[in-house]
Amino acid sequence: MSAPEASTTTATPDPEHGHGGVELTTVTKRFGDTVAVDNLTLSVESGEFFSMLGPSGSGKTTVLRLIAGFEEVTGGTITIAGTDVTRAAPFDRTVNTVFQDYALFPHMTIADNVGYGLRVRKVDKAEQQRRVGEALEQVRLSEHANRLPHQLSGGQRQRIALARALILKPRVLLLDEPLGALDKQLREQMQIELKQIQREVGITFIFVTHDQEEALTLSDRIAVFNNGRVEQVGTPREVYEYPQTAFVAGFLGISNLIDDAHAERLTGVPMALSVRPERVRLVDARTEPAAHETSVDGTIVETVYTGPTTRFIVDTVDGLRIVAERHNDHAPSDNAPFHRGDTVRAVWVTEHAAVVP
C-alpha cells in the first residue's frame with residue numbers, strides 16, 4: 001500500500017488583500033447541551049481554496065459562522081490574518097460571506113447591489129463606479145449592470161453575490177453552500193468559474209459543502225467533518241486515495257471497506273483496507289490473478305448502469321460485498337461483459353488498497 005503524496009497547490013495571494021490565513025485553536029461551540037464543534041484546531045493557508053465537507057449536522061456551517069462572527073465561540077481562539085478576532089464583531093473582521101440564497105436586493109439594479117457595501121462605507125462615487133465596473137468584469141457580467149436580479153439566471157445571480165462580496169476586498173471569503181440551489185449542469189459550470197475567479201483574485205476562500213464531488217473539484221485542501229470534529233485534512237487526492245478513517249472512506253464516494261479479519265485472509269496482513277470500485281476489475285472465476293494482485297470470488301447480485309460507467313455489486317464467498325466499476329468505453333451497441341447472476345473473480349492490485357487506521 002503506497003504512502004500519500006503531501007503536495008498542494010494554492011493561489012498566489014493578492015498583495016492588495018494581504019495575508020489571509022485563518023487559525024482555529026481548540027475551538028468549541030455548544031448550543032445548550034449539544035456540542036456542535038468539539039475542540040477543533042484547524043489551519044487555513046493564505047490564498048488557499050479550502051473546503052469544509054461533511055453531512056448535515058457535522059459542524060461545518062457552524063465553524064463558518066464562528067469565523068464570520070455570526071456565532072460566539074464557547075471556548076478556544078480564532079485568528080484571521082494574524083489578528084485574534086475571537087470576540088470581534090462581524091464588521092470588525094476582514095471577511096465577507098456569500099450565502100446560498102444570494103440575498104440580493106430585488107428592487108436594486110445589479111450595479112447598485114454590487115456597490116451597496118461601498119455606499120454604506122461612504123466611498124467616493126467615482127471610486128464606487130470604478131470598483132463596481134471592475135467587480136462586474138471580474139465575474140463576467142458587465143453587460144448586465146442595469147438589470148434587476150429577477151432578470152438574471154440563478155448562476156448569474158450567484159456571480160453577482162460573489163462580486164458584491166469581493167468588492168469590499170476581504171482577506172477571506174466565506175461561502176456557505178453557494179451552489180446548492182443550482183441544477184447539476186449549472187452547478188458544475190459554476191464550480192469551474194468559481195475556481196477561476198479564486199485564482200484570479202488570489203484571496204483565501206473557505207467553502208462549505210456536503211457535495212463530495214464539488215469539494216474534490218474545487219479545493220486545494222479539504223477538511224472532512226463528522227460530529228463536530230475533523231476526521232481528516234488533506235488535498236483532494238489524499239483524502240480520496242488515502243482515507244484515514246472508515247467514515248472518510250465511505251463519505252467520499254463509494255469505497256470497499258475490508259475489515260482486518262477479511263484483509264488478513266486475503267493479504268496475510270491484519271489491517272483494514274479501503275479499495276475504490278474503479279480499482280477493482282472483474283474477470284472469469286477461472287482466471288489466475290498475478291502475483292501483485294489480490295482476488296476474491298463471488299456472484300454478481302446487481303448491476304447499475306450510470307451512463308459513463310457500469311457498477312457491479314458482488315457478494316463474495318466469504319461474506320464480503322465488493323463493488324466494481326467499469327468505464328463504458330466499449331461500443332454503445334455492445335452488451336456488458338458480465339450480468340447479474342454471473343460467478344466472477346474480483347481482482348485489484350494489492351498496492352491500490354489503502355490502509356485505514
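Helices α4 and α5 run roughly parallel to each other, where roughly parallel covers angles under 35 degrees. Their axes come within 11 Å and cross at roughly 20°. This is a predicted model, so local features need pLDDT of at least 70 and side-chain atom pairs count only at pLDDT 80 or more, while totals for chains, interfaces and linings use all residues. Residues are numbered from 1 along each chain as its sequence is written, and side-chain values use heavy atoms, leaving out hydrogens and water.

**How α4 packs against its helix neighbours**

- Helices here are DSSP runs of H or I with at least four residues, strands are E runs of at least two, and both are numbered from the N terminus.
- On the α4 side of the α4/α5 pair you'll find Gly154, Gly155, Gln158, Arg159, Leu162 and Leu166, and they meet Leu186, Met190, Glu193, Leu194, Ile197 and Val201 of α5.
- The crossing of α4 and α5 is right-handed, a label for a near helix turned clockwise from the far one by less than a right angle.
- What angle do α2 and α4 pack at? It's about 30°, with the axes 7 Å apart, and that makes α2 roughly parallel to α4.
- Axes are lines fitted to C-alpha atoms, for helices over the stretch in contact, and angles run from 0 to 180 degrees between N-to-C directions.
- The α2/α4 crossing is right-handed.
- Ile110, Asn113 and Val114 from α2 make that contact with Ile160, Ala163 and Arg164 from α4, contact being heavy atoms within 4.5 Å.

**The nonpolar cores**

- A nonpolar core is a set of buried Ala, Val, Leu, Ile, Met, Phe, Trp, Tyr and Cys residues joined through side-chain atoms within 4.5 Å.
- Buried means under 20% relative accessible area, exposed means over 50%, and partly exposed is in between (1.4 Å probe, protein chains only).
- The largest core has 35 residues, and Val114, Leu162, Leu173 and Phe205 touch the most other members.
- At least two residues of this core come from each of α2 (110-120), α3 (125-138), α4 (154-166), β7 (172-176), α5 (184-201) and β8 (204-209).
- Helix α4 gives the largest share, six residues.
- Which residues does Leu173 touch, not counting those up to four places away in sequence? The list is Asn96, Thr97, Val98, Leu162, Ala165, Leu166, Ile203, Thr204, Phe205 and Ile206.
- There's also a second, separate core of 27 residues, with Val37, Leu40, Ile206 and Phe225 among its members.

**Two buried polar side chains**

- Gln156 sits in helix α4 and is buried, at a relative accessible area of 17%.
- Its side chain makes a polar contact with the side chain of His144 (3.4 Å).
- A polar contact is a pair of N or O atoms within 3.5 Å; within protein, one must be able to donate a hydrogen and the other to accept it, and residues adjacent in sequence count only if both atoms are side-chain atoms.
- Leaving aside neighbours within four places in sequence, Gln156 is in contact with Leu141 and His144.
- Thr28 is in strand β1 (residues 22-31), and with 12% relative accessibility it counts as buried.
- A polar atom of the Thr28 side chain lies 3.1 Å from the backbone nitrogen of Asn39.
- Setting aside neighbours within four places in sequence, Thr28 is in contact with Val37, Asp38, Asn39, Val73, Thr74 and Gly75.

**Loop residues to look at**

- Lys169, in the loop between α4 and β7, has a phi near 55°, a positive value in a residue other than glycine. Lys169 is partly exposed, at 28% relative accessible area.
- Asn227 also has a phi near 55° and lies in the loop between β9 (221-226) and β10 (229-234). Is Asn227 buried or exposed? Exposed, with a relative accessible area of 59%.
- Ala181 lies in the loop between β7 and α5 and is exposed, at 52% relative accessible area.
- Beyond neighbours within four places in sequence, Ala181 is in contact with Gln100 and Tyr102.

**The chain overall**

- The protein chain has nine helices and 18 strands, and its C-alpha trace spans about 80 × 50 × 35 Å along its principal axes.
- Of its 357 residues, 48% are buried.
- Among contacts with a separation of 6 or more, 67% are between residues 24 or more positions apart.

Conventions: Parallel < 35°, antiparallel > 145°, perpendicular 65-115°, else oblique.
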